[in-house]
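Hello,

Here is the structure I promised to pass on. Please open it first, then read the notes below.

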Amino acid sequence: MHIRKQMKADAKKVLKRHYFLFVLLCLTATLLSGELIMAGTSGEASADDMTPQTRVTFTNAIVTSFTEFVVDVAEGRKEDREQRIREKEERYVEESRGEEIFGRSRGVLASVVNKLTSGACLMTLLVGIRSLVGTDEAAVVVLLLGALALLGLFQIFVVGVCRTVVIRMFLEGRCYEKVPGQRIWYLLRVKKWCHVAAANFVTGFFLFLWSLTVIGGLVKSYSYHLVPYLLAENPSMKTLEAITLSRKLMNGHKWECFVLELSFFGWDLLGIFTLGISDILFTMPYKMAVMGEYYARLRSLGIGDHVEGVDLLNDVYLFRRADRELLRQEYADADREYDARSGALPRLKGINRFLAENFGVTMGQSREVRALEEEQSRRFLLDYDRKALEGRIYPTRLHPVPEKRKRKWVVSLNYLRCYSLWSVVLMFFALSFVGWLWEVGLHLIADGEFVNRGVLHGPWLPIYGTGSVMMLLLLNRFRRKPVLEFVLAVLLCGCVEYFTSVYLEYVHDGTRWWDYTGYFLNLHGRICAEGLLVFGIGGMAIVYVLAPFLDGLFRKVPPKLLIAAGVVALAVFAADQVYSWGHPNEGKGITDYQTRAEAAAREVEKG
């Protein structure tokens, strides 16, 4: 009891030190594992009972729906299943019409949720497979095997491996005051992603075989409990070695681990009453932190008892800080270079200096500008080594597998660069075109028809280009902090989309070019969760990958040709703006939301 209380007290200290990072990690892991919390009553439900007012795990609902679907088709009740699917989809739409935020009557996200949980997507897939294999029975077999294969691959190569990465970051957080976001690339940088995935597969397969016995599955789930922790410490460990060592370290501690997990019952109960909010904000990261402390304790006991195979636990500095002398020796070159570069950064002059310091943009790519961004990038890497030298973050140079020689492509794009003015202009048009393709593609998938989206007539949606450029320029000072960059990107793009909707509606006498009413998590129909999520994820991709990549391509173009292309694009865009002011692009699939909503309501009433 005393030891458990001490572990929990230590875990709370660790959680307090890394709270926002740990919450984000657990939330990401939860989303990857397929759990979705919906508004309404608590408790589990079957797929038939999954309405917008029911709180269930998304994965369980899909699995239940899939199982029922396969049984019905196999037993010749295909027509009955089709009818139930149509009824459930109509019920989801109808019951969500009064929901201001949790609507599920319109939109891609709502459609995906409805089709996955009702089984409509399975019926569509079955029809396609049947056309190839000839019979419903054969199609069911193919569908079952394919679904199991895809689910298994996703669980092995994404969910399982990401859990190991999250565990690694939690363990680093125990000992160090900072855990850099770049640590998510840990397994890639040591070339062990596939190895860990294979180890997860073998472990899961063994557990499946043990689950066929009466009680073996439960016992072995605790015997193999430490496998992901062992791989997080030493990803080079062979699979059978990890399983064997986990069994030996857990020997005599299975009941203790069970009681430890049971001690979280009060927090789990609170999660039910708070509709999962307390789980996200505290319980999940708290549990992970406690289990990290528990692993550290069992590891220490194993080393003290000289358990066979304990020599594989060779990442010493994951659990204690290296002495200063060792760090000075290992990071001597970085320390000397850091001191040599400790002076002020090279300064630009005039307008270039103002633009570069505040917005990360310059009037052109001169030699001075390139020298400045190279110096910024080098100092960023040196700052990482400096923190390791000071003992504030995990010293990657002391890792048993030297990370500094691995996977340099992961950090090859210099996102700290300064963009030229004309590069930004062409980036605006490129990303406006990408946005147009995205919107047209979504409409094509959802409604089965091509529609030239947007208020303008050309193949561009300026709101996407504007949001992208604003993220690059206005959030320039936050590029070194990816988590903050993501949050600010969501807020910035949400504001841009919301107030653009207000402006267009005001200027064009109440006409709307988009309306998210009925979308899951929307605000006044002007912004919605799926759009903001896309903006956030897309913003990160733009700032850290796409923009540097496009800028690298633009730099290969002769300056005069680059300027000419920018001028031509601006001229055509301006002409489109002038024409669209008096003749905006509107009509079917663009601004007829009210008409379509009323028609859909009439169809439901007739049904």
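In which loop does His306 lie? The answer is the loop between helix H15 (277-304) and helix H16 (324-330). Keep in mind throughout that this is a predicted model.

His306 is not a glycine, yet its phi is positive, about 55°. Most residues other than glycine have a negative phi. His306 counts as exposed because its relative accessibility is 68%, and the cut-off for exposed is over 50%.

Lys191 is another residue to check. Its phi is near 60°, again a positive value in a residue other than glycine. Lys191 is found in the loop between helix H8 (186-189) and H9.

**The chain overall**

The protein chain has 607 residues, and 44% of them are buried. Its secondary structure comes to 25 helices and four strands. Take the contacts between residues at least 6 apart in sequence: 72% of them join residues at least 24 apart.

**Cores**

In soluble globular proteins, nonpolar side chains tend to be buried together. Here the largest nonpolar core has 69 residues. Phe170, Leu226, Leu230, Tyr295 and Leu313 have the most contacts inside it.

Setting aside neighbours within four places in sequence, Leu313 is in contact with Leu230, Glu233, Met237, Leu245, Leu249, Tyr295 and Arg299. Two of these partners, Leu230 and Tyr295, are also listed among the core residues with the most contacts.

**Helix packing around H12**

Start with H9 (residues 193-211) and H12 (residues 239-250). Their axes come within 9 Å and cross at roughly 55°. H9 is therefore oblique to H12. The crossing is right-handed. On the H9 side, the contact uses Ala199, Val202, Thr203 and Phe206. On the H12 side, it uses Thr239, Leu240 and Ile243. By class, the residues of this contact are five nonpolar, two polar and no charged.

Now take H10 (residues 216-223) against H12. The axes come within 8 Å and cross at roughly 95°. That angle makes H10 roughly perpendicular to H12. Lys220, Tyr222 and Ser223 of H10 meet Ser246, Arg247 and Met250 of H12. The residues of this contact divide into two nonpolar, two polar and two charged.

H10 also packs on H13 (residues 254-262). The angle is about 90°, and the axes are 9 Å apart. So H10 is roughly perpendicular to H13. From H10 come Val219, Tyr222 and Ser223. From H13 come Lys254, Cys257, Phe258 and Glu261. The classes here are four nonpolar, one polar and two charged. Tyr222 and Ser223 of H10 take part in the contact with H12 and in the contact with H13.

**Buried residues worth a look**

Is Arg168 buried or exposed? Arg168 counts as buried, because its relative accessibility is 1% and the cut-off is under 20%. Arg168 is found in helix H7 (residues 136-175). Not counting residues up to four places away in sequence, Arg168 touches Arg183, Tyr186, Ala232, Glu233, Asp315, Leu318, Tyr394 and His399.

Glu497 is found in helix H22 (residues 482-507). Its relative accessibility is 4%, so Glu497 counts as buried. Glu497 and Arg526 are 29 residues apart in sequence, but their C-alpha atoms are 7.2 Å apart in space.

Gly536 lies in helix H23 (residues 529-555). At 0% relative accessibility, Gly536 is buried too. Leaving aside neighbours within four places in sequence, Gly536 is in contact with Phe486 and Val490. Cys493 is 43 residues away from Gly536 along the chain, and 8.1 Å separates their C-alpha atoms.

That covers what I found.

Best wishes

Methods:
Residues are numbered from 1 along each chain as its sequence is written. This is a predicted model: local features need pLDDT of at least 70, side-chain atom pairs count only at pLDDT 80 or more; totals for chains, interfaces and linings use all residues. Side-chain values use heavy atoms; hydrogens and water are left out. A nonpolar core is a set of buried Ala, Val, Leu, Ile, Met, Phe, Trp, Tyr and Cys residues joined through side-chain atoms within 4.5 Å. Buried means under 20% relative accessible area, exposed over 50%, partly exposed in between (1.4 Å probe, protein chains only). Contact means heavy atoms within 4.5 Å. Axes are lines fitted to C-alpha atoms, for helices over the stretch in contact, and angles run from 0 to 180 degrees between N-to-C directions. Helices (H or I, at least four residues) and strands (E, at least two) are DSSP runs, numbered from the N terminus. Angles under 35 degrees count as roughly parallel, over 145 as roughly antiparallel, 65 to 115 as roughly perpendicular and the rest as oblique. A crossing is left-handed if the near helix is turned anticlockwise from the far one by less than a right angle, and right-handed if clockwise. Ala, Val, Leu, Ile, Met, Phe, Trp, Tyr, Cys and Pro count as nonpolar, Asp, Glu, Lys and Arg as charged, and the others, Gly among them, as polar.
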